[in-house]
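Here is a short briefing to read alongside the structure. Have the chains in view, and take the points topic by topic.

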Amino acid sequence: MAGFLVKRILQAVFVVLVVTLLVAWAIRLSGDPAIMLTQGAGSFTEQDLQNIRKALGLDQPFTVQYLQFITGVVTGDFGKSFFGGTSVGSLIAHALPLTLLLALTSLALAVAMSIPLGIHAAVNRGKAADTGIRILSLVGLSFPNFWLAIMMVLTFSITLGWLPPSGAEEPANIVMPALTMGVILTATNVRLVRTSMLETLSAQYIMVARSKGLKERVVLYKHALRNCAIPLITYIGLQFGGLIGGIVVIERVFNWPGMGSLAFDAVAARDYPVLQGVITVLALLIVAANLLVDIVYGLVDPRIRTE
Amino acid sequence: MQNLGRNLRAMLLAATAMAAPALAPAAFAAGTLTVTLVQDPGSWDPIDTFLVNWAKVGNNVFDGLVQRGPDMKLAPGLATSWEQSEDGKRIRFKLRENVKFHNGEPFDAEAVRFTFERLLGAEGAKGPQQSNYNAIDKVEVVDATTVDFLLKNPDPVLITKLAGYGGMIVPPKYIQEKGDEYFNTHPVGTGPFKVVDYQPKVSVTLEPFAEHWGGKPKLDKVVFRFIAEPSTQVAELQAGRVDIVTDPLPISAIPIVNSDPRLKVESITGPTVQALRFNTRTGITKDETVRKALIMAVDRDAIIKQMLGGQAKPIASFQSELSFGYDPALKPLPFDPAKAKQLLAQAGVKPGAAVQIDFRGSDANFREAAQAVAGYLQAVGIKSILKPYETNVILNEIIPAGKTGEMFQQGWGGWTFDYDNTAYLMYHSGEKWNPYDNIPELNALLESQRSMTDRSKREKVLQEIGRVVADKALEMPLYNLNAVYGVSKRVKNFVAPPDSRLRLTDVTVD
Amino acid sequence: MSTVEIEAPGTVRIWLRRLRSLEFILGAVLTVAMIGLVLASGLIFPDGGDAMDLTARLTPPFQSWAHPLGTDPLGRDVLARVVVGGKISLTVGFLSVLGAVVVGTVMGLVAGYYRGVWDMILMRFADVQLALPFILLAITFTAILGADLWNLILFMIIAQWVQYARVMRASVLSLRDREFIQSARSFGVRDLRILLHHILPNAYGPVLILMTLNVANNILLESSLTFLGLGVDPMIPSWGGMLADGRSYLQTAWWVSVFPGLAIMLTVLGLNLLGDWLRDFLDPTSKA
């Protein structure tokens, strides 16, 4: 186990390093922040631009800039935004909890909705309820997420006046963004629950449990569900990365000041330190989530360690 | 089945519980005004940015030596009077007395000298403001309430520039003690409002400064919220959680705001002009006749009336009617598709010839306008390829490097309302926004007016420049878009400023 | 990952039964109808939906035969643009998947069959890609290359080939030590031949499923990127572009974006239904 762990952690470190290198390199290809800083200015000369670049440390060779950034990451200092000099660390400290809150709420919502629906479909395999749930879940996958989001705003904020359209100041703010992402996640998870439930239900110990006269609810939710938890956990671990990526669009519609908004603005402004910081933190999170899944897996199923 | 029912019930209960706090209509704190901004400038230091979204806030926090309100007239600000020497190279300002910064620091001649030394020195070199004030050689303190601005060369627009942006006066002691970086996020000025809270990317909150020389503002609090997505801004306005959607309110939202009895549209002629500049080096637009034909092919009045809901005015030169140098006698080429076709045939352009139109993809209004232009060009047999670019890319790489298609968007909103500020950068050879043209006649005219102190003589030259540009058909002038605000009717005494620089001193809310 | 066995002959009845499923019928009808409509669009609307009439802008739907689904803010016919617009959406969807499949399959085959260094490189690639937030990558990518149709497709290929490579590799791993492969190798059959004739035909199933789902996904992705302002030439009608541009008119002229939205939904639904059915069909255990 220890060897497996060390190997996976080394791989994770390698992955994060490559990600940072890739991002640092790509954002520098995308354009010059000095120009962004002069936006709207009347006349400025190449000399003005060079002054700005020098002040930002962009006159240094790429390797020097990258090494500075990596040394910073190791010591926990992500540098400062080019726009106003706010520390990237404090920007992330504000945005990350919000993004995590949104991501975890949507995931919880998706799990809460998909387990009963998935089980219901599995129990009624082949019947109308099953087909209905399956097709409905596909319909849920067929909307662009921003479209669903805007429709929700029009319905719940403007027509009904129940929920605030945007922001992140009050608890009610999270309902619509979490619901939008939750619906889409539910659609995929229902199918997963249904499939693994079907496999479990035909297993012998379920038959035994039933024959012992246990209540159907106990059989389903206690015995059967426990068994299909592993594929579900794996899948959720993998979903986490996609979730974080997809959050950009949702955060924008609902003006949720999370990591997605931060990164989007940073690309548009060519704010290198912010983008590098955000992506690095997100990559660390995703890699950690996957590592955790691997470890849980390794504990549960020793065969995986040898692969 | 039972399980499902029970679970669904539980879920519904949970959902209602979450929604409950919002069910009550959003109640406003008395005297609080909420305003949207599309972007967080990141720094509130006047010399760090040149963004209109900075000015919407900064104009309330800082004062300049002079002031310019919604009527566009220059008025005394921190200086009560000023006089210019014969040669235009020295301006003497008499300063207002008993003025304090928000932190209690007194405002005096030393603060003026510090402000401009900082702007023109190493700190200013890191930002976009310095180059605008390069005409200033140095600022000399005469006594505590008198300063002299000594200029390298006369700058006819300098006094206007002192009313905003880089010309805003900052507190010397505060900056020296706390440092430039602290000042970025904790700005202090002499303005009618002081910044009490700044949450990057979320909001900035202002409260009135009781000791302001112009009197205490009437509002209790102003909250500026950063909302990037225009449709979300409009939704917030409709939901009653925002009082003012600042310029530009998307044109598509005008009917929505108009149909809501609690809201209204405030619209005023602004500085923003849009044109499609021609690539005069390559493609069919090399030929002046072709350029004129293309201009005549497009019904700009219909675009203004039908598409922009009348929220724009036709232009003949690249400036608004408020701009110094505007010539009411200059008329744009008429819409005449038949003549356009004839000119094209005469120039040997075959039907089906193509032009590429480069523009900023994020500009929703222009996105539609560009499609309309393409539609009209198609009607005279010219095929258009529309190429949306990210703002940064088109401004940074495409236009200055001369890598555009046959036509490209030039959008300009010079806040000084002086044609020189646009024309020089657009038409003088070697300038960033002028990658293709080198016309000696224009170069000479542009240079000559810069040293003129006689206003009427200078105005004549500026008008002449507009005429030469139109005559050579360097651009297809499109329109001058109004500054459009969406405002809740609970807001009183709000006068929409043409230049987006809000000053909220007299505003109240019900 | 399960493998695919070639169906034994004589199971026509099972075939028929599976074809009769609601999912298949609905999926096939939707997909064929949409593809058919898009292919025929040039014949139905020879002007490509470009005809503009500013005086007739934002005409509501169901009022005249000239514009049965109304007009957009430039007075162009919504029906024509929806039909023609499918071309871009489907091109993006199919070409991106096709490209990613080709690259991914080759890489997956090589990595799974030869293992060693190839395998290690591929798996680390996959890890890196998994750790990069997808949309953020797209935004940075278009910031560099500019937004256009081919860049969009190229980007999707770069972002997605690893998925296919992983799936392919897993299939190959489960096959390579099987007896029929071993014996082929012992007879001195060349590697290329083994890969193409023995492994590929037995490993395509999961890839096929992934393909249908990703075509659907990429159609949605095109619209999301347009929403973020990274779409293609607005003169070329595309569902994503119409949907994104029409969003500001939702309250005043719903038809501008609802109809392209409906087109996306039906197409994606059709493809998802087919993919779902295919999954059951190729992997009978999951149907149980």
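## Where chain A meets chain B

Welcome to the tour, which starts at a contact that takes 56 residues from chain A and 50 residues from chain B. Please keep in mind that this is a predicted model. Its overall scores are ipTM 0.84 and pTM 0.85.

**The interface of chains A and B**

- The size of an interface is often given as the accessible area lost when the parts come together.
- Between chain A and chain B, about 4300 Å² is buried, and carbon and sulfur atoms give 57% of that area.
- Five salt bridges are found across the interface of chain A and chain B.
- One salt bridge to look up joins the side chains of A:Glu170 and B:Arg241, with an N to O distance of 2.9 Å.
- A:Glu170 and B:Arg241 also belong to a network of salt bridges that links them with A:Glu169, B:Arg225 and B:Glu236.
- To find A:Glu170, go to the loop between α7 (145–159) and α8 (175–201) of chain A.
- Leaving aside residues up to four places away in sequence, A:Glu170 touches A:Pro164 and B:Arg241.
- A:Glu170 counts as partly exposed because its relative accessible area is 29%, a value that lies between the 20% limit for buried and the 50% limit for exposed.

**Salt bridges within chain B**

- Side chains of opposite charge can pair when their charged atoms come close.
- B:Arg113 and B:Glu117 form a salt bridge, and their closest N and O atoms are 2.7 Å apart.
- B:Arg113 and B:Glu117 are four residues apart in helix α3 (residues 109–120) of chain B, so about one helical turn separates them.
- B:Arg113 is partly exposed, at 24% relative accessibility, and B:Glu117 is partly exposed as well, with a relative accessible area of 46%.
- A second pair to look at is B:Arg490 and B:Asp243, whose side chains meet in a salt bridge at 2.6 Å, N to O.
- This pair links distant parts of the chain, 247 residues apart: B:Arg490 sits in the loop between β19 (483–488) and β20 (491–492) of chain B, and B:Asp243 in the loop between α8 (230–238) and β11 (244–245) of chain B.
- Both B:Arg490 and B:Asp243 are buried.
- Over all chains, the count of salt bridges comes to 36.

**The build of chain C**

- Chain C has twelve helices and zero strands.
- Along the principal axes, the C-alpha atoms of chain C fill a box of roughly 75 × 50 × 30 Å.
- Chain C has 288 residues, of which 58% count as buried.
- Taking the contacts in chain C between residues at least 6 apart in sequence, 73% join residues at least 24 apart.
- The accessible surface of chain C is about 12200 Å², and 69% of it belongs to carbon and sulfur atoms.

- C:Asp72 and C:Arg81 form a salt bridge, with the closest N and O atoms 3.7 Å apart.
- C:Asp72 is buried, and so is C:Arg81.
- C:Val106 is found in helix α4 (residues 78–114) of chain C.

- Chain B averages a pLDDT of 88, and 94% of its residues score at least 70.
- In chain B, residues 1–27 have a pLDDT below 50; this stretch has 23 contacts in the model beyond near neighbours in sequence.
- Chain C averages a pLDDT of 81, with 91% of the residues scoring at least 70.
- Within chain C, confidence is highest in α4(C), at 90, and lowest in helix α12 (residues 284–287), at a mean of 46.
- Residues 1–9 of chain C also have a pLDDT below 50, and this stretch has 16 contacts in the model beyond near neighbours in sequence.
- Where pLDDT is low, the predicted coordinates should not be read in detail.

Technical notes. Residues are numbered from 1 along each chain as its sequence is written. Chains are lettered from A and ligands numbered from 1 in the order in which they are written. This is a predicted model: local features need pLDDT of at least 70, side-chain atom pairs count only at pLDDT 80 or more; totals for chains, interfaces and linings use all residues. Side-chain values use heavy atoms; hydrogens and water are left out. Helices (H or I, at least four residues) and strands (E, at least two) are DSSP runs, numbered from the N terminus. pLDDT is the predictor's confidence in each residue, from 0 to 100. Contact means heavy atoms within 4.5 Å. Buried area is the accessible area (1.4 Å probe) that two parts lose on being put together, summed over both. A salt bridge is a side-chain nitrogen of Lys or Arg within 4 Å of a carboxyl oxygen of Asp or Glu. Buried means under 20% relative accessible area, exposed over 50%, partly exposed in between (1.4 Å probe, protein chains only). Accessible areas come from the Shrake-Rupley method with a 1.4 Å probe; for residues, only the protein chains shown count as cover.
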